[in-house]
Amino acid sequence: MADKQSVEDNKKGGSVLREVLSWVKVIVVAVIIAAAVDFLVIANASVPSGSMEDTIPTGARIVGLRPEYHFRKPQRGDIAIFKYPDDESTDYVKRVIGLPGETVEIKDGKVYIDGSDTPLNEPYVKETPTGDYGPYHVPEDSYFMMGDNREYSKDSRFWENKYVKLDKMVARVHFMYFPKIKDLTFSYEEGQ
């Protein structure tokens, strides 16, 4: 009788161990999938400063899609997460203003592209900025970036390395999920 009980206890112990191992496998696979999605597909970031206000408030959490700039080039008006050119260990969030090959000039706070007489229509800039900057000649395969809160943004105007190379663009920002949900995609053509 004792031998029969011992055999049943071993079966129960083996069954519990198999159950625990199956759960561990599921958890490990889920963690690997989540890490792969975070590393390869989604860029989840926080915005620590007011440089993008009123579009993105200080402390907001945003999500961008990493693969997007592998399939399409950044467009004027995109909000992008990118490697800060003066310290690539830091990610920045700003808006794409100047495209490869363009000349960007800021006169009296308004942005002019390629010597146009008409400034960019920038509905996302809430306060009328001031100052003259440039001209900046954007190299091929690079972008000129500015924050929406122009008076308080450390952006391409002030960096030692003024331009962000295409291969340093991490993701196009699609939405903010904290403190509220907000679509952050912007089509420059629609904004005019």
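Colleague: Which residues have the most contacts inside the largest nonpolar core?
Modeller: Those are Ile56, Ile62, Ile79, Ile81, Val93, Val173 and Leu184, in a core of 15 residues. A nonpolar core here is a set of buried Ala, Val, Leu, Ile, Met, Phe, Trp, Tyr and Cys residues joined through side-chain atoms within 4.5 Å, and buried means under 20% relative accessible area with a 1.4 Å probe, protein chains only. This is a predicted model, where local features need pLDDT of at least 70, side-chain atom pairs count only at pLDDT 80 or more, and totals for chains, interfaces and linings use all residues. Residues are numbered from 1 along each chain as its sequence is written, and side-chain values use heavy atoms, without hydrogens and water.

Colleague: Which strand gives the largest share of this core?
Modeller: S10, with four residues. Strands are DSSP runs of E, at least two residues, numbered from the N terminus. S10 covers 169-178, and seven of its ten residues are buried.

Colleague: What does S10 pair with over five bridges?
Modeller: Strand S2 (residues 61-65), in the antiparallel sense; two strands pair if DSSP finds at least two bridges between them. Gly64 stands opposite Val173 in S10. S3 also runs antiparallel to S10, joined by three bridges, and there Ile81 has Ala171 as its bridge partner.

Colleague: Back to Val93, what is it in contact with, leaving aside neighbours within four places in sequence?
Modeller: Its contacts (heavy atoms within 4.5 Å) include Ile56, Ile62, Ile79, Ile81 and Val173.

Notes: Buried means under 20% relative accessible area, exposed over 50%, partly exposed in between (1.4 Å probe, protein chains only).
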